[in-house]
Amino acid sequence: MSGLVMLLLTGCGAKTTATQQLNWGEKAPLQTIDPAKVADVVSSTTVNNLDEGLFRIGQNAKVKPGVAQHYKVSADGKTWTFQLRKTAKWSNGDPVTARDFVYGWRRTVTPATKSQYAYLFDHVANATAITAGKKRPSQLGIKAVGQRKLVVTLTRAQPYFKTLLGTAAFFPQHQATVTKYGRKYATRANRAVYNGPFKLVKWTGTGKQWTLQRNPKYWDAKAVRLHQVNVSVMSDQRTWLNQYQAGKVDAVTLDGTQYAQYRNSKDVHLRRGAATFFLEMQQRHGLLKQRRARQALSLAINRRELVKNVLADGSAVPAGFIPRGLMRYRGTDFAAASRVPQATATNLTKARQLWRQALKASGRSHVTLSLLADDTPVGKATAEFLQSELERLPGLTVKPVTVPFNVRLSRSQAGQFDLLVNGWIANVPDASSFSNLMTTTNSYNHGGWSNAVYDQAVKQADVQDANRPAARWRDLVTAEKQLMTDQGVIPLYQRVQAQLVRPRVKRLVYFPLGAQWDFSESVITRK
């Protein structure tokens, strides 16, 4: 890999600098470095560079080798056997063993850990029963055979299981370190060990700066060119751009106004992620439990106006909940096959009619709804736009509540909202990465929407039709159409991020699944 990098750089006439430091900006503080508890983009990107699973996810979401040197899969797709690298080590020098994976997976599915990604293990034998508290974590379908052989048993085949193995929830965990620090594990840089390309320094658990430093114990350390990545939180968009112009950061994500200014610059890159932003509606609120109320809210929103004049960053009107380009079958894009036009249409006349009907049925003439969103510039602009759009409905007052990301996250999880501006980025190239979210029991279904037809279709795709591609496709299409017909969520936009990157930065690896970055191949040149 490193030889290829050098050839590419030599071919374009670039020469590397002696100081391989990347200065990076993020929009929000780092929440956690515990692989079992990662739940946001910043933490995911950080942990992806600090740790490594059996596989790594690279450019264009392609899976590449990680700790697993070899593997084989049984004919029925249920048994996966991995041989681990002899050279894989933790940053403290301990070998990465099969037992580290067994411990890490068991800890992640243990209910007391409260991992929001525990549901990703549902195909691993006994995982669902363990997360429900009905079986012991020791009964999970993963077994260490000696130091370097790992055997995983699934209850049924899973088409995208290999991709899952490159995500943080499936990373190994160092039991001695977790035990040593207990509840304080991974709350500071020095309270964790790392087995990936970098190790974390200068992070105290809070604050707006941290540093990723090349990990000399990493099995492929010779291929890692960067010495360190200096990360700063840039919550103010103008300040972030000023820092870029002053040469203090090497990349900046642009807002709509900035994108309009720089769209013709050779430094601009459009990052098209598998991400949808949407409104969740709290089903404990009696009015929002009515389908016609949810449909009225959706029909009142002019999404074209939102993406063109408010966001103005290249983002697109969504086809539905599941984004375009995520999954295809026999040449057909899933978003096109499952589209319900009314779910993303604008029709204010119809919206007002439905809203009056919903108010009358609830015995009210007026209602006030809170709208929870991030306090970022984009979050505030989106909330203000939605307030102006929705208040065109008779008898409706919308009160935006914009809070820091971590506060929004905790309130979302606690269901403390009427309306919630939320977003989701696929972690596997499959429609189920979205459809699973809205099942009745999923922890990410913050509003509590529930539909038996939907749940059954998702289950059918996951169980009976797991090895029948055509039938599975139909199941997932049925689920998406049901969600959109019932307006279980209100899709707002499919995100595209415009970014300025300094020309001297080469081989930044971006993958749309999770909208994450891998710095392990990056290099700083003199250009």
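These legends walk you through several close-up views of a predicted model.

**View 1**
The protein chain has a mean pLDDT of 92, and 97% of its residues reach 70 or more. Residues 1-13 are another matter, with pLDDT below 50. Beyond near neighbours in sequence, this stretch makes 15 contacts in the model. Where pLDDT is low, the predicted coordinates should not be read in detail.

The largest nonpolar core holds 68 residues. Leu54, Phe82, Trp105, Phe161 and Phe321 have the most contacts inside this core. Helix α17, spanning residues 469-485, gives the most to the core, with six residues. Apart from this core lies another, of 40 residues, and among them are Tyr103, Ala192, Tyr218 and Ala221. In soluble globular proteins, nonpolar side chains tend to be buried together. Which residues does Trp105 touch, not counting residues up to four places away in sequence? They are Leu54, Phe121, Val124, Leu140, Ile142, Val152, Phe161, Leu165, Phe170 and Phe171.

**View 1. The second largest pocket and its lining.**
This pocket has about 780 Å³ of space. Its lining is made up of 31 residues, and Tyr119, Asp122, Thr128, Thr131 and Thr441 lie nearest the centre. Helices α3 (98-109), α4 (127-131) and α16 (452-462) are the elements that give two or more residues to the lining. The largest share, four residues, comes from α16.

Look for Trp517 in strand β21, which covers residues 516-518. Is Trp517 buried or exposed? Trp517 counts as buried because its relative accessible area is 7%, and the cut-off for buried is under 20%. Leaving out residues up to four places away in sequence, Trp517 touches Trp24, Thr45, Asn48, Asn49, Arg271, Gln499, Leu508, Val509, Tyr510 and Phe511. For a sense of scale, the C-alpha atoms of Trp517 and Arg408 are separated by 23 Å, and these two residues are 109 apart along the chain.

Start with His285, in the loop between β12 (268-281) and α9 (291-299). His285 is buried, with a relative accessible area of 14%. Setting aside neighbours within four places in sequence, His285 is in contact with Arg364, Val367, Leu369 and Asp418. Now move to Gln295, which sits in helix α9. Gln295 counts as buried too, at 13% relative accessibility. With neighbours within four places in sequence again left aside, Gln295 contacts Gln342, Leu354, Thr485 and Gln487.

Ala426 is part of the loop between β17 (419-425) and α15 (432-435). With 0% relative accessibility, Ala426 counts as buried. Gln464 is described as partly exposed because its relative accessible area is 45%, which falls between the 20% limit for buried and the 50% limit for exposed. The C-alpha atoms of Gln464 and Ser298 are separated by 34 Å, and along the chain the two are 166 residues apart.

Lys114 has a phi near 60°, a positive value in a residue other than glycine. You will find Lys114 in the loop between α3 and α4. Is Lys114 buried or exposed? At 71% relative accessibility, Lys114 is exposed, since exposed means over 50%. Arg330 also has a positive phi, of about 50°, although it is not a glycine. The loop between β13 (328-329) and β14 (332-333) is the place of Arg330. Arg330 counts as exposed, at 74% relative accessibility.

Methods: Residues are numbered from 1 along each chain as its sequence is written. This is a predicted model: local features need pLDDT of at least 70, side-chain atom pairs count only at pLDDT 80 or more; totals for chains, interfaces and linings use all residues. Side-chain values use heavy atoms; hydrogens and water are left out. pLDDT is the predictor's confidence in each residue, from 0 to 100. Contact means heavy atoms within 4.5 Å. A nonpolar core is a set of buried Ala, Val, Leu, Ile, Met, Phe, Trp, Tyr and Cys residues joined through side-chain atoms within 4.5 Å. Buried means under 20% relative accessible area, exposed over 50%, partly exposed in between (1.4 Å probe, protein chains only). On a 1 Å grid over the protein atoms alone, a cavity is a set of points where a 1.4 Å probe fits but cannot get out, and a pocket is an open set with protein on both sides within 12 Å along at least five of seven lines; lining residues have an atom within 4 Å of a point. Grid points are joined across faces, edges and corners, and a volume is the space filled by probe spheres set on the points.
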